[in-house]
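Subject: Structure handover

Hi,

Here is the structure I promised to pass on. Please open it next to this note; my findings follow below it.

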Amino acid sequence: MASNAQDIEKIVGREYAAGFFTEIDQDTVPPGLDEDTIRLISAKKNEPEWMLEWRLKAFARFQQMREPNWAHVEYPPIDFQAISYYSAPKSDKDRPQSLDEVDPKLLETYEKLGIPLEEQKMLAGVAVDAVFDSVSVHTTFRDKLAEAGVIFCSFSEAVHEHPELIQKYLGSVVPVTDNFYAALNSAVFTDGSFVYIPKNTRCPMELSTYFRINAMNTGQFERTLVIADEGSYVSYLEGCTAPMRDENQLHAAVVELVALDDAEIKYSTVQNWYPGDEEGRGGIYNFVTKRGDCRGARSKISWTQVETGSAITWKYPSCVLKGENSVGEFYSVALTNNLQQADTGTKMVHLGRGTRSTIVSKGISAGRSQNAYRGLVRIAAAAEGARNYTQCDSLLLGDRSAAHTFPYIECRNPSAQVEHEASTSRISDDQLFYLRSRGIGQEDAVNMIVNGFCKEVFKELPMEFAVEAQKLLGISLEGAVG
Amino acid sequence: MDAIDRILADFAPDGPLAEIRQQAAEQVRLHGMPSQRQEAWKYTSLAPLRDIAYRAATAADGDALDAAGFSAFALASASPHRVVLVNGRFRADLSTTDALPTGITVTSIAAALEGDAVALAGIYAEQSAPEAVFTALNAALLDDGLLIEAGPDAQLDAPLHLVFVAAGDTPLLRAPRVIVRAARNARLRIIEEYRGIEGDRGLTNVVTDVNLGEGAVLEHHRLQSEPDTCAQIGRVRATLGALSTFNSDSVTFGGALTRIDIEVALAARGARCRLNGLFATDGAQHVDHHTLIDHQVGDTHSEELYRGILDGRSRGVFNGKVVVRRDAQGITAKQASNNLLLSRQAEIDTKPELEIYADDVSCAHGATVGELDAQALFYLRSRGIDETTARALLTYAFAEKVVETIPLDSIRHAIEERFIGARALSELEDLVKGA
Amino acid sequence: MLEIKNLHAEVDGKPILRGIDLTVRPGETHAIMGPNGSGKSTLSHVLAGRDGYTVTEGSVSFNGKQLLDLEPEERAGEGVFLAFQYPVEIPGVNNVYMLKAALNGIRAYRGEKELSAVDFLKLVKSRVKAVGLDESLLNRPVNEGFSGGEKKRNEVFQMSVLEPRLAILDETDSGLDIDALKAVAEGVNALRDAARSFIVVTHYQRLLDYIVPDYVHVLSKGRIIKSGGKELALELEARGYDWLTSEAA
């Protein structure tokens, strides 16, 4: 374990006690968090003064905030001083030099996902050889995007090359004071993605962090900012499909989306961070703040997520529907197995007239896991004629698992219509028996039913992602059915 | 709440329950008044009560109303079994319990305390969670209320009608306790009606404890009709034995600030409950209903329907929680919260929750907030009914659905008068039936 | 009595009626036929004043009044009655009470005195028998849990109590078996007289065997493309709509 270079970023004190720090080159900051850490991060990234100021302000606020404890999850206290907040892209010598050095169990999973060998290497953090040059792949697309006027680059680049856009939009959707983890992220984020789609432009391809695989190494505090200018469209895919093997590790990202008049952003996530083992050892704490701002009239933001990973998920991709007749959507599959805990859902905040939102949430709990949907639908007094429809279904596999539903509905406009439906049940014996009597094995039958249960969400995903998501469910459910 | 601090400051309970009451007072001091930072009080602020100089009602306050004053109330039932409490104090002279069937007794707690106080002692020992601070307060102040006991197979021939009258010329803190114990196969129907004289500005902090033996049935109708100057914080806690049934209807029209918690523990197989609720508010009224249905064991069943109609600047809150414990298999639980907003200043906050730790369950909930059905409205108008009448009719129908199971015409009439302005509907219905 | 002139109407910006002209005199029964999507139901709804339709051109006068300016209940007061294709279920609203409120609403509109409960009940009892509606349905919520036939019969029963001047039957035959259809038609025929007019909207000739119209109009793509006597319906039955619609196109 200690020889796995991925642990460089995994920052829990225990790991460092194992003697990591001495082994690592000077580009990793020692654990600890104070103003100097932030100055150091900013300096290493050669940031302009305003960026540093912004971080320091966020840090000042962070220090006054307390860790939230309302979610339906349990974990030992996190020592924020035991975390190292900056690690430069790894040098090749710290990585496993070949797939032979990678945990075979991990490779088995890649195999099942049908990931090509070279990509497997990348995902496992193996130094990438010349055969698959992610940089050139990246560049090819970049040219094509540049032709359309689309900006798609790392956050660090954007800070230098598009400071006016960053200054205008950064923190405008998720203010630094929004919550404890968002404040932390604002202070210490290392990198992330930046997307700008110009007016009346349909982004010529689906943008994906997958193409910038090296961005995955930028750490657990990434920051994503997507701006869709008037009349534009973009579909953004975020694949955290690399099952990381690790001790508990904090991942506190912030994603901000801005849609101006008539713009549409479709944001899809397949999240499969390492969930910990069967006994609940290890795994990612995925404490993420994602929010979309439908700032313009008739704008639309659609979140689709398939969450199968992480030891603990705390995540509520939300839409603030400010623009008249703007639309928010949230489609989610959250699967928990073993001792995973998920408290996830969405917030739809209706501020403008004629705003509409749809929430479809499918929770699957297996093993001894805890799976909670938490949602807020708020209709402000000015949101004349607003509509929300929420459907929230839970499926229980096994009698040790738990499923919870906590929907908050706050309505202050008499012309609004809000409808929430939820159900919780297990797989029906009749369905299972029917399939098995047709010759389908138990496990396949369960997979089939679970996939059917999630269908409404999968159909919102881009094709390739949908296929991957289905496979993921199958893998994640392994051993869940007796 | 400064006034309550003041009440507890020179608090020196006496009598056989002194120790328990002292402990309860400690609880209240320890936790203090709930704030909106607590999830259970997220949507309800107690700030409006903060500066009211409450005084704990004394035995003497029980005499605040005479028989003539009492007879001015048009009560929800004319049952011969009537028990009246004025300012939380049992009033024998206004009560009629002579005709109660064998096996059913109603005793005032004040009287019970004179006798065997030990039996009562155990009942007050359950205040721990900070959310239950008002239950602790009730226990601290408790020296009167009702003990209702039904022996095995005992059955009421007419509802037992409890009338709680708020009648203070200064703001009183009333803390009556109602204890209902129904033995095996007993069947009871109890109406708890809360009324008050105009201008009362007190706080009714009432707790009803229900314990149902095997196969027992309790139909419990709770009517909050206090004037819009009163505050009420009430709690109903029911523990259900095997195959027992608890049906609760909670209807709230009155009160400036009303908070009612109804908690049902389905503690043995075959137990079932139905919780219905209706709140219709106007002006600056604030009504907060919290329900908790706890499926502790398998083969227990629950159903719930709450409806709110909010007009004026009023605010309604519904929080319905259904818990299914580990290994409680074979559960069905249904829950619905429907709400109508009639005004631009009104607000509804609803939160139906499911917390499920077993897998052989069939649980569902639904919540809606909206306007009246446009199709139904057009249908009625196309028949020649003007829009105002059509709306009133549909609003009435929306409300009536919740109380259709209550065999008390008086409640339906109250809804009818509230939304239609006359009893035209039921009179015609009767006429058609009679003809 | 009813004069529709160059009526254009749209739904969500989509034109549905594209210039309807129709005159109905007292005592006449007009059948409006046409394929699905021709605008038949839209015409019924626009005449009754349902929300969601925008009249972009044309006029409808009814006994000298501009119908389109009136609220739905005012149209009912003027004597327009729409028998719905899908009568709405209204849980919790008692059927007979609704009818009483309707009748008294219409009487008030006409400046007539309210009917007492007793007189109203007498009227109801006589009419309920006449249309053969199960009396137990009177005290039930409006249409709730009624069978398809019961719902349509309830519409006819309401019509018989409210005694409109113009009744619009919107696909009253849909979803009815032949016995129910006959019963409903009998109820309607009993109400026909020299002063009362009917517009019978239907897809099929079948209903017109029982409610025999004076005129038949064929609606296609929002216009009346052919008008004739009752024999036109028979011809449509035999030849379908295609010959006409293609002719028109």
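Let me start with chain A. Of its 482 residues, 55% count as buried. Keep in mind that this is a predicted model. Chain A holds 13 helices and 19 strands.

Next, chain B. I looked at strand β5(B), residues 145–150. This strand is mostly covered, with five of its six residues buried. β5(B) pairs with two strands that I checked, β4(B) and β8(B).

- β4(B), residues 104–108, pairs with β5(B) in the antiparallel sense, over five bridges. One bridge to look up: V106(B) has I148(B) of β5(B) as its partner.
- β8(B), residues 177–182, runs parallel to β5(B), and six bridges join the two. Here A150(B) is bridged to A182(B) in β8(B).

Last, chain C. Four strands form an open sheet in the order β2-β1-β4-β5 (chain C), and the pairing is antiparallel. Which strands stand at the edges? They are β2(C), residues 14–24, and β5(C), residues 65–66. Each has a single partner strand, so one side of each lacks a neighbour in the sheet. A helix packs on this sheet: α1(C), residues 40–48. Helix α1(C) touches β1, β2 and β4 (54–62) of chain C. The direction of α1(C) makes about 70° with that of β2(C).

The pairing of β2(C) with β1(C) is worth a look on screen. β1(C) spans residues 2–11 and pairs with β2(C) in the antiparallel sense over eight bridges. Within that pairing, E3(C) has T23(C) of β2(C) as its bridge partner.

Go on to A150(B) and A182(B). Then cross to chain C and find E3(C) and T23(C).

Best wishes

Note on methods:
Residues numbered from 1 in each chain as written. Chains lettered and ligands numbered in written order. Predicted model: local features only at pLDDT ≥ 70, side-chain atom pairs only at ≥ 80, totals over all residues. Pairing = 2+ DSSP bridges. Contact = placed C-beta atoms within 7 Å. Axes fitted to C-alpha atoms, helices over the stretch in contact; angles between N-to-C directions. Buried ≥ 20, exposed ≤ 12 C-beta atoms within 10 Å, placed from the backbone.
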